[in-house]
Amino acid sequence: MANTLLLTYFGPFPGVPVNPTVALAEGAVRALNTARPDLRVVARELPVSYDGSSAALRAALQEVQPDALISLGVAVGRDVVSLEQVAINLDSAGIEDNDGDRRCDEPIVPDGREAYFSSLPVRASFERLRAAGEPVEISYTAGTYVCNHVFYEGQRISRELGLSIPAGFVHVPAICADGEEDADGEEATEGVELTAHRDAGGVVRDEQGVPYLPESTVVRIIAEIASDTLPAVD
């Protein structure tokens with residue numbers, strides 16, 4: 001029986017009118033369908049909502065019963081793909097979620113665990129991808145917005161449902177079509193204006209512009225992380 005990967009992504013939110021995780025999830029599904037026919041990939045969009053994302057993630061985990069969970073989010077201003085290592089039990093951001101909910105220093109789960117570490121093969125994937133020249137890093141903060149919330153809830157809810165599966169979060173930078181970035185890695189064509197929010201894991205670069213990576217590069221990295229998480233069985 002084929003292993004099943006649940007791949008989640010987000011739509012727009014304040015400052016990000018077009019979320020690159022939509023295209024990246026679609027691209028990763030296509031890439032894995034070709035490279036890993038033994039792997040079933042189910043992609044689901046989660047609402048950019050503290051409460052809504054928890055409910056939607058629980059429903060997806062219950063329905064799909066995956067063998068692994070990888071959640072994607074965008075961190076505008078980062079210039080590499082970030083394999084997140086730790087999720088903290090905190091919602092606190094200067095921007096509202098898409099339900100108009102703005103939270104300040106609120107626990108995701110009162111009396112819950114203070115933090116969860118990723119159970120993806122973060123270090124092994126990072127070392128292998130870096131040795132291959134891919135733009136990756138290990139990150140120790142997923143922010144305190146809905147990305148971190150989903151990262152935390154993925155760990156908590158999967159355990160609550162009795163799913164002993166690898167689960168974790170990958171932050172991606174802004175993306176461009178292949179060949180449309182300039183020598184500095186920044187967008188060379190006109191596109192949507194994106195805002196970097198520190199609370200959402202972004203990096204504010206003070207008028208230096210927003211870095212972009214080619215879409216195909218980020219899709220390839222996501223697919224490789226998925227294959228490391230659920231390797232093919234001979």
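Residues are classed here by relative accessible area, with buried meaning under 20%, exposed over 50% and partly exposed in between (1.4 Å probe, protein chains only). At 84% relative accessibility, aspartate 111 therefore counts as exposed. The structure is a predicted model, in which local features need pLDDT of at least 70 and side-chain atom pairs count only at pLDDT 80 or more, while totals for chains, interfaces and linings use all residues. Residues are numbered from 1 along each chain as its sequence is written, and side-chain values use heavy atoms, with hydrogens and water left out.

Aspartate 111 is placed in the loop between strand E5 (86-88) and strand E6 (115-117); helices (H or I, at least four residues) and strands (E, at least two) are DSSP runs numbered from the N terminus. Although aspartate 111 is not a glycine, its phi is positive, at about 65°. A positive phi, near 50°, is also found for glutamine 65, again a residue other than glycine. Glutamine 65 sits in the loop between H2 and strand E3 (68-74) and, with 45% relative accessibility, is partly exposed.

Two packed helices are described by the angle between their axes and the distance between the axes. Helix H2 (residues 50-64) and helix H4 (residues 146-160) have axes that come within 9 Å and cross at roughly 35°. The axes are lines fitted to C-alpha atoms, for helices over the stretch in contact, and angles run from 0 to 180 degrees between N-to-C directions. The crossing of H2 and H4 is right-handed, that is, the near helix is turned clockwise from the far one by less than a right angle. On the H2 side, the contact (heavy atoms within 4.5 Å) is made by Tyr50, Ser53, Ser54, Leu57, Arg58 and Leu61. H4 contributes residues including Val146, His149, Val150, Glu153, Arg156 and Ile157. By class, the contact has six nonpolar, five polar and four charged residues, where Ala, Val, Leu, Ile, Met, Phe, Trp, Tyr, Cys and Pro count as nonpolar, Asp, Glu, Lys and Arg as charged, and the others, Gly among them, as polar.

Leucine 163 is located in the loop between H4 and strand E8 (167-172). Its relative accessibility is 11%, so leucine 163 is buried. Beyond residues up to four places away in sequence, leucine 163 touches Leu61, Gln65, Pro66 and Ser158.

Valine 170 belongs to strand E8 and is buried, with a relative accessible area of 2%. Apart from neighbours within four places in sequence, valine 170 is in contact with Ile70, Ser71, Leu72, Gly73, Val81, Ser82 and Ile225.

One cavity of 30 Å³ or more was counted. A cavity is a set of points, on a 1 Å grid over the protein atoms alone, where a 1.4 Å probe fits but cannot get out; lining residues have an atom within 4 Å of a point. The largest cavity holds about 50 Å³ of space, a volume being the space filled by probe spheres set on the points, which are joined across faces, edges and corners. Among the residues lining the largest cavity are Phe10, Phe13, Asn19, Gly73 and Val146. The lining has seven nonpolar, two polar and no charged residues, and E3 and H4 each supply at least two of its residues.

Terms used. 1 Å grid on protein atoms, 1.4 Å probe; cavity = no way out; pocket = protein on both sides within 12 Å on 5 of 7 lines; lining within 4 Å.
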